[in-house]
Amino acid sequence: MNKVGDIFFILAMMLCFYIFKSLDFSVVFSLAEHLKAHKIIFFGAEVRGIELLCFFLLIAAMAKSAQIGLHTWLADAMEGPTPVSALIHAATMVTAGVFLIIRCSPIFEFAPLTLQAMTIIGGITAFTGATMALVQYDVKKIIAFSTMSQLGYMFFAAGLSGYNLSLYHLFNHAFFKALLFLSAGSLIHAMSDEQDIRKMGGLCKILPVTYVCFLLGSLSLIGFPFTSGFFSKEAILNQAFAKYTSVSLFAYVLGVLTAVLTTYYSIRLL
(Lines give C-alpha, C1' and ligand atoms only; values in the text may rest on other atoms or scores of the structure.)
Protein backbone atom coordinates (compact mmCIF):
# COMPACT_ATOMS: atom_id res chain seq x y z
CA MET A 1 0.00 0.00 0.00
CA ASN A 2 2.83 2.40 0.86
CA LYS A 3 4.58 1.58 -2.41
CA VAL A 4 1.50 2.93 -4.25
CA GLY A 5 1.88 6.16 -2.28
CA ASP A 6 5.63 6.27 -2.94
CA ILE A 7 5.14 5.91 -6.71
CA PHE A 8 2.60 8.76 -6.81
CA PHE A 9 4.85 10.89 -4.58
CA ILE A 10 7.75 10.42 -7.04
CA LEU A 11 5.39 11.27 -9.94
CA ALA A 12 4.30 14.41 -8.06
CA MET A 13 7.93 15.48 -7.54
CA MET A 14 8.74 14.92 -11.23
CA LEU A 15 5.66 16.87 -12.31
CA CYS A 16 6.45 19.65 -9.83
CA PHE A 17 9.94 19.96 -11.29
CA TYR A 18 8.50 19.91 -14.82
CA ILE A 19 6.04 22.76 -14.08
CA PHE A 20 8.03 24.94 -11.66
CA LYS A 21 11.64 23.93 -12.51
CA SER A 22 12.22 23.62 -8.76
CA LEU A 23 11.31 21.51 -5.72
CA ASP A 24 11.90 24.39 -3.28
CA PHE A 25 8.72 25.19 -1.31
CA SER A 26 9.26 28.96 -1.44
CA VAL A 27 9.82 28.94 -5.23
CA VAL A 28 6.84 26.64 -5.92
CA PHE A 29 4.47 28.62 -3.66
CA SER A 30 5.45 31.98 -5.13
CA LEU A 31 4.98 30.72 -8.72
CA ALA A 32 1.74 28.78 -8.10
CA GLU A 33 -0.59 31.70 -8.84
CA HIS A 34 1.24 32.60 -12.06
CA LEU A 35 1.24 29.02 -13.37
CA LYS A 36 -2.22 27.94 -12.19
CA ALA A 37 -3.56 27.87 -15.78
CA HIS A 38 -0.54 25.95 -17.13
CA LYS A 39 -1.87 23.00 -19.19
CA ILE A 40 -0.13 19.69 -19.87
CA ILE A 41 -1.09 16.66 -21.98
CA PHE A 42 -1.77 13.63 -19.78
CA PHE A 43 -2.74 10.38 -21.58
CA GLY A 44 -4.04 12.37 -24.54
CA ALA A 45 -6.15 14.76 -22.45
CA GLU A 46 -5.33 18.40 -21.72
CA VAL A 47 -5.35 19.00 -17.96
CA ARG A 48 -4.22 21.76 -15.61
CA GLY A 49 -0.75 20.92 -14.35
CA ILE A 50 -1.36 22.07 -10.75
CA GLU A 51 -4.59 20.03 -10.51
CA LEU A 52 -2.75 16.89 -11.62
CA LEU A 53 0.18 17.61 -9.28
CA CYS A 54 -2.18 17.97 -6.31
CA PHE A 55 -4.04 14.80 -7.33
CA PHE A 56 -0.75 12.85 -7.25
CA LEU A 57 0.10 14.36 -3.86
CA LEU A 58 -3.38 13.41 -2.62
CA ILE A 59 -2.90 9.73 -3.52
CA ALA A 60 0.56 9.77 -1.91
CA ALA A 61 -1.00 11.20 1.26
CA MET A 62 -3.89 8.69 1.14
CA ALA A 63 -1.47 5.74 1.25
CA LYS A 64 0.61 7.19 4.08
CA SER A 65 -2.40 8.32 6.12
CA ALA A 66 -4.46 5.13 5.64
CA GLN A 67 -7.41 6.62 3.74
CA ILE A 68 -10.12 4.35 2.35
CA GLY A 69 -8.84 2.00 -0.36
CA LEU A 70 -5.22 2.25 0.81
CA HIS A 71 -5.91 1.65 4.50
CA THR A 72 -5.38 -2.12 4.96
CA TRP A 73 -1.76 -1.86 6.11
CA LEU A 74 -2.65 0.05 9.29
CA ALA A 75 -4.51 -2.79 11.04
CA ASP A 76 -1.80 -5.28 9.99
CA ALA A 77 0.86 -2.98 11.48
CA MET A 78 -0.68 -3.64 14.92
CA GLU A 79 1.48 -6.79 15.12
CA GLY A 80 4.30 -4.46 16.17
CA PRO A 81 5.16 -3.50 19.78
CA THR A 82 2.72 -1.13 21.50
CA PRO A 83 5.19 1.77 22.08
CA VAL A 84 5.85 1.67 18.30
CA SER A 85 2.10 1.87 17.69
CA ALA A 86 1.84 4.81 20.10
CA LEU A 87 4.62 6.74 18.42
CA ILE A 88 4.34 5.77 14.74
CA HIS A 89 0.75 4.64 14.24
CA ALA A 90 -0.84 7.43 16.26
CA ALA A 91 1.40 10.47 16.47
CA THR A 92 3.95 10.70 13.69
CA MET A 93 4.09 8.49 10.59
CA VAL A 94 0.38 8.06 9.80
CA THR A 95 -0.14 11.81 10.06
CA ALA A 96 2.67 12.47 7.57
CA GLY A 97 0.23 12.36 4.64
CA VAL A 98 -2.03 14.93 6.29
CA PHE A 99 0.99 17.09 7.10
CA LEU A 100 2.14 16.93 3.46
CA ILE A 101 -1.23 18.34 2.37
CA ILE A 102 -1.17 21.07 5.03
CA ARG A 103 2.43 21.97 4.08
CA CYS A 104 1.49 22.18 0.39
CA SER A 105 -1.74 24.13 1.03
CA PRO A 106 -0.69 27.14 -1.14
CA ILE A 107 -0.78 24.90 -4.24
CA PHE A 108 -3.81 22.85 -3.16
CA GLU A 109 -5.83 26.08 -3.07
CA PHE A 110 -5.47 26.23 -6.89
CA ALA A 111 -6.83 22.66 -7.29
CA PRO A 112 -10.54 22.83 -6.40
CA LEU A 113 -11.42 19.41 -7.87
CA THR A 114 -8.72 17.72 -5.79
CA LEU A 115 -9.97 19.52 -2.66
CA GLN A 116 -13.49 18.22 -3.32
CA ALA A 117 -12.16 14.69 -3.82
CA MET A 118 -10.17 15.03 -0.58
CA THR A 119 -13.29 16.10 1.34
CA ILE A 120 -15.33 13.14 0.03
CA ILE A 121 -12.51 10.64 0.68
CA GLY A 122 -11.96 12.04 4.19
CA GLY A 123 -15.67 11.85 5.06
CA ILE A 124 -15.99 8.26 3.82
CA THR A 125 -12.77 7.23 5.60
CA ALA A 126 -13.93 8.76 8.91
CA PHE A 127 -17.25 6.89 8.75
CA THR A 128 -15.87 3.57 7.43
CA GLY A 129 -13.03 3.50 9.98
CA ALA A 130 -15.58 3.98 12.78
CA THR A 131 -17.82 1.17 11.48
CA MET A 132 -14.80 -1.16 11.32
CA ALA A 133 -13.87 -0.30 14.91
CA LEU A 134 -17.39 -1.27 16.03
CA VAL A 135 -16.91 -4.96 15.19
CA GLN A 136 -13.27 -5.62 16.16
CA TYR A 137 -12.35 -7.75 19.18
CA ASP A 138 -8.60 -7.08 19.21
CA VAL A 139 -7.96 -4.15 21.57
CA LYS A 140 -5.19 -2.67 19.39
CA LYS A 141 -7.13 -3.04 16.13
CA ILE A 142 -10.06 -1.09 17.60
CA ILE A 143 -7.67 1.78 18.36
CA ALA A 144 -6.03 1.40 14.91
CA PHE A 145 -9.35 1.76 13.05
CA SER A 146 -10.16 4.67 15.35
CA THR A 147 -6.92 6.31 14.14
CA MET A 148 -8.01 5.76 10.53
CA SER A 149 -11.35 7.40 11.37
CA GLN A 150 -9.70 10.46 12.96
CA LEU A 151 -7.35 10.80 9.97
CA GLY A 152 -10.51 11.03 7.84
CA TYR A 153 -11.55 14.05 9.94
CA MET A 154 -8.17 15.69 9.27
CA PHE A 155 -8.48 14.98 5.54
CA PHE A 156 -11.91 16.49 5.11
CA ALA A 157 -10.95 19.51 7.21
CA ALA A 158 -8.02 20.11 4.82
CA GLY A 159 -10.33 19.49 1.84
CA LEU A 160 -12.58 22.31 3.09
CA SER A 161 -9.49 24.61 3.25
CA GLY A 162 -9.40 24.39 7.06
CA TYR A 163 -5.70 23.52 7.12
CA ASN A 164 -5.24 25.15 10.54
CA LEU A 165 -8.06 23.01 12.00
CA SER A 166 -6.62 19.91 10.39
CA LEU A 167 -3.24 20.58 12.02
CA TYR A 168 -4.96 21.35 15.34
CA HIS A 169 -6.75 17.97 15.31
CA LEU A 170 -3.53 16.25 14.16
CA PHE A 171 -1.71 17.68 17.18
CA ASN A 172 -4.44 16.83 19.69
CA HIS A 173 -4.92 13.35 18.24
CA ALA A 174 -1.20 12.59 18.63
CA PHE A 175 -1.46 12.95 22.40
CA PHE A 176 -4.74 11.25 23.25
CA LYS A 177 -4.22 8.38 20.79
CA ALA A 178 -0.66 7.74 22.02
CA LEU A 179 -2.11 7.63 25.55
CA LEU A 180 -4.71 5.06 24.43
CA PHE A 181 -2.08 2.87 22.75
CA LEU A 182 0.22 2.95 25.79
CA SER A 183 -2.74 2.14 28.05
CA ALA A 184 -3.61 -0.77 25.75
CA GLY A 185 0.01 -1.96 26.04
CA SER A 186 -0.23 -1.88 29.83
CA LEU A 187 -3.49 -3.84 29.62
CA ILE A 188 -2.04 -6.46 27.22
CA HIS A 189 1.00 -7.01 29.49
CA ALA A 190 -1.25 -7.41 32.53
CA MET A 191 -3.33 -9.98 30.61
CA SER A 192 -0.22 -12.03 29.64
CA ASP A 193 -0.32 -10.89 25.98
CA GLU A 194 -4.06 -11.48 25.53
CA GLN A 195 -5.65 -8.94 23.14
CA ASP A 196 -9.21 -10.29 22.78
CA ILE A 197 -11.58 -7.95 24.66
CA ARG A 198 -14.19 -10.75 24.93
CA LYS A 199 -11.89 -12.46 27.45
CA MET A 200 -11.56 -9.34 29.62
CA GLY A 201 -13.74 -7.43 32.06
CA GLY A 202 -13.78 -6.13 35.63
CA LEU A 203 -10.14 -5.03 35.45
CA CYS A 204 -10.84 -1.54 36.78
CA LYS A 205 -10.05 -2.56 40.40
CA ILE A 206 -6.91 -4.49 39.45
CA LEU A 207 -5.48 -1.86 37.05
CA PRO A 208 -6.80 1.49 38.36
CA VAL A 209 -4.03 3.66 36.81
CA THR A 210 -4.41 2.02 33.39
CA TYR A 211 -8.17 2.45 33.63
CA VAL A 212 -7.89 6.18 34.44
CA CYS A 213 -5.48 6.69 31.51
CA PHE A 214 -7.80 4.74 29.20
CA LEU A 215 -10.75 6.81 30.42
CA LEU A 216 -8.98 10.15 29.85
CA GLY A 217 -7.82 9.11 26.36
CA SER A 218 -11.29 7.83 25.46
CA LEU A 219 -13.04 10.99 26.68
CA SER A 220 -10.75 13.11 24.52
CA LEU A 221 -11.31 10.80 21.53
CA ILE A 222 -15.09 10.99 22.01
CA GLY A 223 -14.87 14.78 22.19
CA PHE A 224 -16.22 15.11 25.74
CA PRO A 225 -16.70 18.82 26.59
CA PHE A 226 -13.53 20.66 27.65
CA THR A 227 -11.13 17.90 26.53
CA SER A 228 -8.70 18.70 23.69
CA GLY A 229 -10.55 16.45 21.21
CA PHE A 230 -13.77 18.36 21.83
CA PHE A 231 -12.35 21.69 20.63
CA SER A 232 -10.72 20.38 17.45
CA LYS A 233 -13.60 18.10 16.41
CA GLU A 234 -16.14 20.84 17.05
CA ALA A 235 -14.12 23.28 14.95
CA ILE A 236 -13.88 20.79 12.04
CA LEU A 237 -17.63 20.06 12.10
CA ASN A 238 -18.34 23.81 12.28
CA GLN A 239 -16.14 24.34 9.23
CA ALA A 240 -18.05 21.65 7.30
CA PHE A 241 -21.45 23.01 8.36
CA ALA A 242 -20.59 26.62 7.50
CA LYS A 243 -19.37 26.00 3.92
CA TYR A 244 -22.86 25.50 2.40
CA THR A 245 -21.80 23.27 -0.49
CA SER A 246 -23.14 19.79 -1.23
CA VAL A 247 -19.67 18.28 -0.66
CA SER A 248 -19.25 20.00 2.73
CA LEU A 249 -22.76 18.92 3.77
CA PHE A 250 -21.86 15.33 2.84
CA ALA A 251 -18.71 15.55 5.00
CA TYR A 252 -20.67 17.19 7.84
CA VAL A 253 -23.33 14.45 7.96
CA LEU A 254 -20.69 11.69 7.89
CA GLY A 255 -18.63 13.59 10.48
CA VAL A 256 -21.57 13.76 12.90
CA LEU A 257 -22.43 10.07 12.35
CA THR A 258 -18.76 9.21 12.93
CA ALA A 259 -18.78 11.16 16.21
CA VAL A 260 -21.76 9.06 17.39
CA LEU A 261 -20.06 5.79 16.38
CA THR A 262 -16.81 6.93 18.04
CA THR A 263 -18.68 7.33 21.33
CA TYR A 264 -20.17 3.85 20.96
CA TYR A 265 -16.96 1.93 20.20
CA SER A 266 -14.95 3.87 22.83
CA ILE A 267 -17.46 3.01 25.55
CA ARG A 268 -17.56 -0.61 24.28
CA LEU A 269 -13.77 -0.75 24.65
CA LEU A 270 -13.90 0.78 28.13
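Analyst: The structure, a predicted model, holds one cavity of 30 Å³ or more. A cavity is a set of points on a 1 Å grid over the protein atoms alone where a 1.4 Å probe fits but cannot get out. Local features need pLDDT of at least 70 and side-chain atom pairs count only at pLDDT 80 or more, while totals for chains, interfaces and linings use all residues. Residues are numbered from 1 along each chain as its sequence is written, and side-chain values use heavy atoms, with hydrogens and water left out.

User: What volume does the largest cavity have?

Analyst: Its volume is about 50 Å³, taken as the space filled by probe spheres set on grid points that are joined across faces, edges and corners.

User: Which residues line the largest cavity?

Analyst: The lining consists of I142, I143, S146, L180, S218, L221, Y265, S266 and L269, where a lining residue has an atom within 4 Å of a point. Two or more of these residues come from each of α9 (139-159), α11 (208-222) and α13 (246-269). Helices here are DSSP runs of H or I with at least four residues, numbered from the N terminus.

User: And how do the residues of that lining divide by class?

Analyst: Six are nonpolar, three polar and none charged. Ala, Val, Leu, Ile, Met, Phe, Trp, Tyr, Cys and Pro count as nonpolar, Asp, Glu, Lys and Arg as charged, and the others, Gly among them, as polar.

User: What about open space: what volume does the largest pocket have?

Analyst: The largest pocket has a volume of about 280 Å³. A pocket is an open set with protein on both sides within 12 Å along at least five of seven lines. Of its 13 lining residues, L187, L203, Y211, L269 and L270 are the closest to the centre. Helix α11 gives the largest share of the lining, three residues. By class, the lining has ten nonpolar, three polar and no charged residues.

User: Changing topic to helix packing: at what angle do α1 and α3 cross?

Analyst: Helix α1 (residues 2-20) and helix α3 (residues 49-64) cross at roughly 155°, and their axes come within 8 Å. Axes are lines fitted to C-alpha atoms, for helices over the stretch in contact, and angles run from 0 to 180 degrees between N-to-C directions. The two helices are therefore roughly antiparallel, the term for angles over 145 degrees.

User: Which residues of α1 and α3 meet?

Analyst: Among them are F8, L11 and L15 in α1, and L53, F56 and A60 in α3; contact means heavy atoms within 4.5 Å. The contact of α1 with α3 has 17 nonpolar, three polar and one charged residues.

User: Where do α3 and α6 make contact?

Analyst: L57, L58, A61 and K64 of α3 make the contact with A96, G97, L100 and I101 of α6. Six of the contact residues are nonpolar, one polar and one charged. The axes of α3 and helix α6 (residues 96-103) come within 7 Å and cross at roughly 155°.

User: And how are α5 and α10 packed?

Analyst: Helix α5 (residues 82-91) and helix α10 (residues 163-190) pack at an angle of about 160°, with axes 8 Å apart. These helices are therefore roughly antiparallel to each other.

Notes. Parallel < 35°, antiparallel > 145°, perpendicular 65-115°, else oblique.
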